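Student: I would like to go through this structure and check each term against its rule. Can we begin?

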Amino acid sequence: MNDLRFAVRQLIKSPGFTLIALITLALGIGLNTAIFSLINDLFLRPLSFKEPDRVVHMYSNANDRNLLELPISAPRYQHYRDGQTIFDGFGAENINAFTLTGLGDPVQLFGGKVTSNYFDVLGVHPIRGRNFLPQEEDTADVAMVTENFWQKRMGGDARVIGRTIILDGVPHTVVGVLPNLPFSWIGPNAEVWTTKPFAIPGFSYERMMRGTGFLRVVGRLKPGMTIAQARAALPSLDQSYRTQSPDKIDSSATMSLKTLPEDVTGNLRPAFATLLAAVAFVLLIACSNVANLLLVRFSGRRREIALRMALGASRASVLQLFIFESLLVSILAGVVGSGLAWQLVPLVPKMAANFLPFDPETGVSLSFPVLGFTIALSILTGMAMGIYPALQSSRADLVDGLKEGGRGTSGSVRQQRFRKILVGAQVALSVTLLAGAALLITSFVRLNRQSIGFRAENLWIGLVTLPQAQYPDLATRQHFVERTLAALHAIPSLQSATVSGDIPLLAGAGSQTLYSRADGEILPVDKRASAVSHDIAPDYFKTWGIPILAGRDIDQHDVSDHQNVVLISQAGAKKVFGNENPIGKTLLVTSGSTPVEIVGVVGDVRSRKVVEPNDMEFYRPWAQENFPFAVVAVRSGLRVDAVTKLVQSALNTVDPGLAIAIPQSMDKIVAQALGQARLMMWLLGIFAGAALLLATVGIYGAVAYTVEQRTGEIGVRMALGAQTMDVLRLIVNQGMRPVIFGLVVGLAAALALGRLIASQLYQTSAHNPVLLVATMSLLGLAALLACVFPARRAALVDPVQALRAE
Amino acid sequence: MIRLRNLERSYPLGHGQTVYVLRDINLDVTEGDFVSVMGPSGAGKSTLLHILGMHDHGWTGEYFFDETAVHHLKSKERATLRNERIGFVFQQYHLLDDLTVYENLDIPLSYRRYSKSERAALVAHALDRFQIVGKKDLYPRQLSGGQQQLIGIARAIIASPKLLLADEPTGNLHSSQGEEIMELFRKLNAEGMTIVQVTHSEKNAGYGNRIVQLRDGWIVDS
């Protein structure tokens, strides 16, 4: 207790040290806690399914064409379902959108059509009613809704089970209410599920059964079955499918498995590993800062230590005293850091919701595991910082300590070396972090400048799902588009309008279509390349601002009973036809090898991801190929909500039962597509800034404290003839030596780190010499300034005063 | 060599009050003198020595060093003059702990911009002259008090100053070591070096040819 009181008194006695140590550590601990909270939510908190580690997601892979992690086709699902012995349950979901009518205005809902056992496989139990029954899988019009749907759209009706809701014009009986399911699995906005999963809207049964992948397949491993055993069982199923269905377009594909936790976080792991490393760096810099200050502080107390030992204190008790002091600092910093994290953590879902599977409305706050992490981190930090300085300082020579007669009381050679190593380590960590941040910032700037091929500004987007009952075929859906566009063209405030089958840069943009040249050797279907295909109505290129580089646009003659035509991207033209003129040439597209004539070449568009290089893209007339999902795009200078009202009113004149889903500006979608890179850039930028600040403060603190400790020595040097420049040079030289060492080590680390983050970089070399030199110069300059100020103070030392103080 | 006229040193106490450490000092030191400044603690002995050594600039009056009016010199010019003409020996030796004996001797030369070869020659000569060649690689903590002060003196005279100032040079030494140091001073004086020392010891003062008594900042006898 006495030691604790003494430690408190020591800290109060040096408010400057206490404040710097507290702020430094609190920043490190606070940032770590905030990031850990995010990781806890994403990676450590289990999905709200029963034993999620036992649930696996099955993917199809065409390795020879580098097409990985694709959905599963219906025939393959059925083959595996009937032949497998590794799963307790094997289910599938056909992700879908529905138009809900009869409960207020028509609205678009998201969800899926699932096998009857789907929620049993996931291990989700309804909070009301029941899961689907096997006999309901193929024929029954039944639905399950989420708790949100039930509360928001049905007012929490106690008699919800058995009530009817109209989905796509068809009455469905609600049989169960599901708890709200994790965003990370179902995505945002999913509210309703029905049965009858084996149908692709707009596809005939025969076409669907050719092997087109569209199902999200999950299996629950049998008890005792490991994922490795399950993976080992797949090749024989792959082989039997290949043998039994050689004509399917996915016959040569191989299957892979991922556990659900791995599946929902897999894409984010590299980014979060980078962030975690970055905050760990910040904490390490903070720790080495404070350890350095502690070492100088403890070594300045040699006389006190010697006196304590002369009075009978054991080395252990001196050690304990110092560790108490450093623990006290770190625990106080932990408290302040928790406060900082408490403020930062609720901001995380809002910042991250654009690109992470996060519900922005989730009230995330510091949880017990996170709080525990902070406490453990504080204690660990305190021990790590304090133990070496305490060990070193408690080794004081009793006689020397009591005499305290010499010059250069900046600690023993070993202590000085350790302090230099600490400063060097801080600089090395900061260079690494700054270089990483500089690379990611440069990468983001390049990504942001990357042409996406269309004009996103003033472009309004809305999705309309066409119910199968009213819009069963090409002709009815073409008729819908003609009428809708006529209604939209009649609105004078809209500059142009069009309809297409997909939204670029949104997940699942454009369907993948197999293709082959019709001339020369024609590859078998399962060996053909695949490309993104867009079904487009007239005025598509005008509305989206995509240039037609050769040939012509689609026109009113490109209808279903005429020659099938297609426009292709410039990159596709070059890839397939090289220097040949592609106009007039024929391609075979889709699994049915439909011949289409190329009538035009258009500018390249980044329709899947901004980072993906330009490739073949198809644009087929809506009248010749379409599905019951219509994306309305309108170019207008009006605000999003104003356009939504205008489009909805136009839509009402065509079909009052249809609703617009997720109306938004294309700008927003583009911004979301860059969201992860932007957030990474911001966070790493902030961490790198914090690192730079901490390292500068650390170097300043170390040099300033050394100057203070060496006042007498500097006085002697001046008495011996040293002039201002001599003292400045001495202090700056000694201060900068570990900095230069740190810069060199940091450069090596940055080169190594570059390799690790190379996959996250866009058009930026991980070893960009300009960036590395700039980073080192920035840190070198900051370090120089941090040395010059205390050095100037040293140069102003009055030798008489300094010598007298001795 | 040294002429002080009406020299005074004071410190402000706050509230418009001033405390005088040296009052109306008039003192002449001729070349070859060995002067001992004596007086009780607080008499202003060390202050006088630091003024003579041009470490202290906050005084008034006139100070001539070899006819150079120090009181008219700027700080940098005083530093140059000091480096050329004066050596200083401290009671606590003030050797730099982290430097070897050799490096401690080299320090004043490096500040006087001697070339590397000149420094090496002068340090070698000093080591030889003081018979401490065998100790050149030792650190101050590895030496006795007497040995440390020997290095302190060697360091003070290595750049061949005309004036050696010593602030209680034997204050931290036992008597036999003290005698050795004073004998050394006598020898240096005999070789032509002017010495001004501050001492409490009558015996040590006896090594010099003149005693200046200070009391409460005034010269009471010289």
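Student: What makes Arg113(B) and Asp726(A) a salt bridge?

Tutor: A salt bridge is a side-chain nitrogen of Lys or Arg within 4 Å of a carboxyl oxygen of Asp or Glu. The closest N and O atoms of Arg113(B) and Asp726(A) are 3.0 Å apart, so the pair meets the rule. Across the interface of chain B and chain A the rule finds one salt bridge.

Student: What kind of model is this, and how are residues and chains labelled?

Tutor: The model is predicted: local features need pLDDT of at least 70, side-chain atom pairs count only at pLDDT 80 or more, and totals for chains, interfaces and linings use all residues. Residues are numbered from 1 along each chain as its sequence is written, chains are lettered from A and ligands numbered from 1 in the order in which they are written, and side-chain values use heavy atoms, with hydrogens and water left out.

Student: How do you know that chain B is in contact with chain A?

Tutor: Contact means heavy atoms within 4.5 Å. By that rule, 24 residues of chain B are in contact with 21 residues of chain A.

Student: Why is about 2000 Å² called buried area?

Tutor: Because buried area is the accessible area (1.4 Å probe) that two parts lose on being put together, summed over both. For chain B and chain A that comes to about 2000 Å², with carbon and sulfur atoms giving 52%. In chain B, His94(B), Leu96(B) and Tyr111(B) lose the most area to chain A, together 29% of what that side buries.
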